[in-house]
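Biologist: Could you put the model up on the screen and take me through it? I would like to go from the fold to the side chains.

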Amino acid sequence: MIEIGLKNTSELTVTDAVTAIKMGSGDMPVLATPAMMALMENAAMLAVANELPEGCTTVGGHIESSHLKPSKIGDKVSATAEVTKVDGKKIEFKVSAYSGDALLGEGTHLRFVVDRERFMSKL
């Protein structure tokens, strides 16, 4: 059962592959905003993964976040997602990303519980 307060933290080390240059979101060798937000989504997905019915997963529906500070190659970044609301198949999260004690970004994320087979059959 998915409950308010469930949380997870995902981590990455900034490499060339997740820079703004490589991802096409900017032209400097710093952590790309899309990579930071993907890490936030990963934390949210994993926060509830063990509580889902057999054959189900979650998919992202909306994410909104600030990106306040750059992170250079080699920096370790962590993103935490915490369930703040559950409404049927709709799950809302508070998300944040840090490099050490420095807040990189924060916002909200919405995910939906879906049946894997049914979801994929719509493609």
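Modeller: What follows goes through the sheet, the helix across it, the core and some charged pairs.

Modeller: This is a predicted model, in which local features need pLDDT of at least 70 and side-chain atom pairs count only at pLDDT 80 or more, while totals for chains, interfaces and linings use all residues. Residues are numbered from 1 along each chain as its sequence is written, and side-chain values use heavy atoms, with hydrogens and water left out.

Biologist: Fine. In what order do the strands of the sheet come?

Modeller: The open sheet has 5 strands in the order S1-S3-S4-S5-S2, with antiparallel pairing. Strands (E, at least two residues) and helices (H or I, at least four) are DSSP runs numbered from the N terminus, and two strands pair if DSSP finds at least two bridges between them.

Biologist: Which strands stand at the edges?

Modeller: Those are S1 (7–13) and S2 (56–65), each of which has a single partner strand, so one side of each is left without a neighbour in the sheet. From one strand to the next, the twist averages 25°.

Biologist: How many bridges join S3 to S4?

Modeller: S3 (residues 76–87) and S4 (residues 90–99) run antiparallel and are joined by 9 bridges, and Ala79 stands opposite Ala97 in S4. S4 is also joined to S5, by 10 bridges and again antiparallel, with Tyr98 having Leu103 in S5 as its bridge partner.

Biologist: And what lies between S4 and S5?

Modeller: The two form a hairpin with 2 residues between them, and Gly100 in the turn has a positive phi of about 65°. On the other pairing of S5, 9 bridges join S2 to S5, which run antiparallel, and Ile63 stands opposite His109 in S5.

Biologist: Where does helix H2 lie?

Modeller: H2 (residues 33–48) lies across S1, S2, S3, S4 and S5 (102–115), and runs at about 50° to S3. Such angles run from 0 to 180 degrees between N-to-C directions, with axes fitted to C-alpha atoms, for helices over the stretch in contact.

Biologist: Changing topic, which residues touch the most other members of the largest nonpolar core?

Modeller: Of its 28 residues, they are Ile2, Leu31, Met36, Val48, Val77, Ile91 and Phe93. A nonpolar core here is a set of buried Ala, Val, Leu, Ile, Met, Phe, Trp, Tyr and Cys residues joined through side-chain atoms within 4.5 Å, where buried means under 20% relative accessible area, exposed over 50%, and partly exposed in between (1.4 Å probe, protein chains only). H2, S3, S4 and S5 are the elements that give two or more residues to this core, and H2 gives the most, with 9 residues.

Biologist: What does Leu31 touch?

Modeller: Not counting residues up to four places away in sequence, Leu31 touches Leu12, Val14, Val18, Ala20, Met36, His67, Ser71 and Val77, contact meaning heavy atoms within 4.5 Å.

Biologist: How many salt bridges does the count come to?

Modeller: It comes to 4, a salt bridge being a side-chain nitrogen of Lys or Arg within 4 Å of a carboxyl oxygen of Asp or Glu. One of them joins Glu82 and Lys7 (3.9 Å, N to O); Glu82 lies in S3 and Lys7 in S1, so the pair ties together parts that are 75 residues apart in sequence.

Biologist: Asp75 and Lys72 also meet in a salt bridge; is Asp75 buried or exposed?

Modeller: Asp75 is buried, with a relative accessible area of 16%, whereas Lys72 counts as exposed at 54%. Their side chains meet at 2.9 Å, N to O.
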